[in-house]
Amino acid sequence: MKILIKNGRVVDPANKIDDTLDILVDGNIIKKVAKGIKAEGSVKVIDAKGKIIASGLIDIHTHLREPGFEYKETIKTGTLAAAAGGFTAICCMPNTNPINDNRAVAEFILSKSAKEGVVNVLPIGAITKGSHGKELAEIGDMVNAGCVAVSDDGRGVMDAEVMRRGLEYTKAFDIPIISHCEDANLSSGGVMNEGFASTTLGLRGIPKAAEDVMVVRDIALAELTGARLHIAHVSSAGSVESIRIAKKRGVKVSCETCPHYFTLTEDAVIGYNTNAKVNPPLRTKEDVKAIKEGLKDGTIDIIASDHAPHAVHEKEIEFDYASFGMIGLETSLPLILNIVREGVLTLKDAIAKVTINPARLLKLKKGTLSEGANADITIIDTESEWVVDVNNIKSKSKNTPFAGMKMKGRAVMTIVGGKMVYDIGI
Amino acid sequence: MPLNKKDLLEIQELSSDDIKLIIDTADSFKEVTGRDIKKVPTLRGKTVVNLFYEPSTRTRTSFELAAKRLSADVLNIAVSTSSVVKGETLLDTARNIEAMRSDIIVIRHSAAGAPYILAKGLKSSVINAGDGCHEHPTQALLDMFTIREKKGRLDGLTVAIVGDITHSRVARSDILERQGKSYFPDIREYSMQYCLTKERLKFAKDDAIVMHPGPVNWGVEISPELSEDKSTVILEQVTNGVAVRMAVMYLLSGEKATAS
């Protein structure tokens, strides 16, 4: 089937394009990007006047929960949520049950995704067996099976020697290690950021240093090994500064932050709001400011959702016992557009951080609207206003601190491999 | 003037007028607890449930006596944390209790914020009887009651709070003894640095009073030489605790109840 998207503002940072152009999709390929393309033969024409046309968004940090925790999310519901949020490819973290630390689990995820997934699913394998941080997993075999990176996300690799071996070993496969930077001794028992709010709430805090010291350690190890280090969910000013300095020094380090870290502070927890319980925890105004500066000056390369679904009975309980994490696939884009309107990022840079930058990190042939590229396309209405209604979201879990909040901007159509997988009408 | 609150969860949510109202009311209930027949019909027909997820003889007894002296029916439920792990959620447990028509639920829990879950999810009044390292508002109120009784006022006094206040919900409630991971190397070190002795008490004014929420660790927190000292008002705090809790339960029950 052919699709002709006409009159949209095409923003394609990879090709330095920001212009009103037409895009012709033929089958699963972008056939032509030009002005005034004529509809010939059987072709579905979409008038995208006033809309933004971007390469399909890529989320490099999603928890799909399948296999093992299907009551929270499945590959089907998670990919439906992704499509609704404008994502055409998502990378799923290995902390399923069983953990994705071997080829069999990776193959299961890929085959299930091929059958039931509505967007591309790219698995991330574990660094160590069982993500226990002790012995390296069969990383080569997982890469051959289709894993695009490795991570023990959910916990840090506490043993520096194991982390060193992991970094050295992954060099052979030219994949990054995605590091969850958290010193488990410093963070032990903590449930929110350590500071004024944790003191008044009587909740045990997680100091920023729990993240900062691991970022510094991992940078030192990346420098030692020459391997590619990607730091997940940066939340603190200290991390941003350390990464900035390391990049200047030429260390192969990249990083991501998540929309909640530039949108919310620890105050969101007040009233024991378990939907604002997340790891790393929401920090302070100063950290939010530093995250925005890091996004602006390019220290932070990527914005990822860290979509972490949890069921009601894991959230509507005592704060101490509630699970860490919040869903994010369906709210990431409007929150990113907020900081574009605020002037933190240009639209082009914002789109780069969810398209070409993650694609380059993982060496994916994605993230561009080049002629000949896969027809993964997201059409965005930056002006559409809507309210986050947990009854209408696609994710199986509803744990979002943004419930009931007004959003501005959303994906109105998501095309994966030339197929319209989400369409709320333009 | 009514209190106009369904729940008592934290001191922060009370205005100074609210606090004055509670202490004034406690004053009249203290008179009741001094009578030969220590009972008024104020909450007759009401049901008070003490839902304790943490053992606490002192606080539970105080609430139980307060409710009984107001003629309420009292149910004590001690839930062991182990059954919570495999069993129903806090809210489920509380909803089941409420389905049997409770009026006031007094909750003690090791997790900060637990009473808020009940307050949000239930129609019953909820009284926080200590939540983790967060608050213990009736303790703060009885401390204020005791201070006012001894000093005649609350304004302009200097209060020194000594101890491991990071882990203390009492201190948190009083200014605005829980040991998880200790901040101090060991007990001996603590007592040498911080134990309140007659000698150290000399730094305070001559008419300073010594208070403690109990149970006291004699010789560690307070030197035994102070146990019989006229400055020590710890047992009076315990007596006042019952009156303050009567006042809180009465005021939360609203206009239907009548003070004697």
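Modeller: The radius of gyration is taken over C-alpha atoms, and the globule rule is 2.2 Å times the number of residues to the power 0.38. This is a predicted model, in which local features need pLDDT of at least 70 and side-chain atom pairs count only at pLDDT 80 or more, while totals for chains, interfaces and linings use all residues. Residues are numbered from 1 along each chain as its sequence is written, chains are lettered from A and ligands numbered from 1 in the order in which they are written, and side-chain values use heavy atoms, without hydrogens and water.

Colleague: How do you know whether the radius of gyration of chain B agrees with that of a compact globule?

Modeller: For 260 residues a compact globule would have a radius near 18 Å, and chain B has 19 Å, so the two agree. The C-alpha atoms of chain B fill a box of roughly 55 × 45 × 35 Å along the principal axes.

Colleague: What makes up the secondary structure of chain A, and how does its radius of gyration stand against the globule rule?

Modeller: Chain A has 13 helices and 18 strands (DSSP runs numbered from the N terminus: helices are H or I of at least four residues, strands E of at least two). Its radius of gyration is 21 Å, close to the 22 Å given by the rule for 426 residues, so chain A is as compact as a globular protein of that length. The C-alpha trace of chain A spans about 65 × 45 × 45 Å along its principal axes.

Colleague: What share of each chain counts as buried?

Modeller: Buried means under 20% relative accessible area, exposed over 50%, and partly exposed in between, with a 1.4 Å probe and protein chains only. On that basis 62% of the 426 residues of chain A are buried, and for the 260 residues of chain B the figure is 50%.

Colleague: Why is strand 6 of chain A described as largely enclosed?

Modeller: Strand 6 covers residues 57–62, and six of its six residues are buried, so the rest of the structure largely encloses it. Strand 7 of chain A likewise has six of six residues buried, and it is therefore largely enclosed too.

Colleague: How do you know that strand 6 and strand 7 of chain A pair, and in which sense?

Modeller: Two strands pair if DSSP finds at least two bridges between them. Strand 6 and strand 7 (residues 87–92) of chain A have four bridges, in the parallel sense. Within this pairing, A:Leu57 stands opposite A:Phe87, and A:Asp59 stands opposite A:Ile90.

Colleague: Are A:Tyr272 and A:Lys363 buried or exposed?

Modeller: A:Tyr272 has a relative accessible area of 8%, so it is buried. A:Lys363 reaches 52% and therefore counts as exposed. A:Thr346, at 43%, is partly exposed; it lies in the loop between helix 11 (332–341) and helix 12 (347–352) of chain A.

Colleague: Which kind of peptide bond joins A:Glu66 and A:Pro67?

Modeller: That bond is cis, with omega about 5°, and A:Pro67 is in the loop between strand 6 and helix 1 (75–84) of chain A. The bond from A:Asn279 to A:Pro280 is also cis, with omega near -5°.
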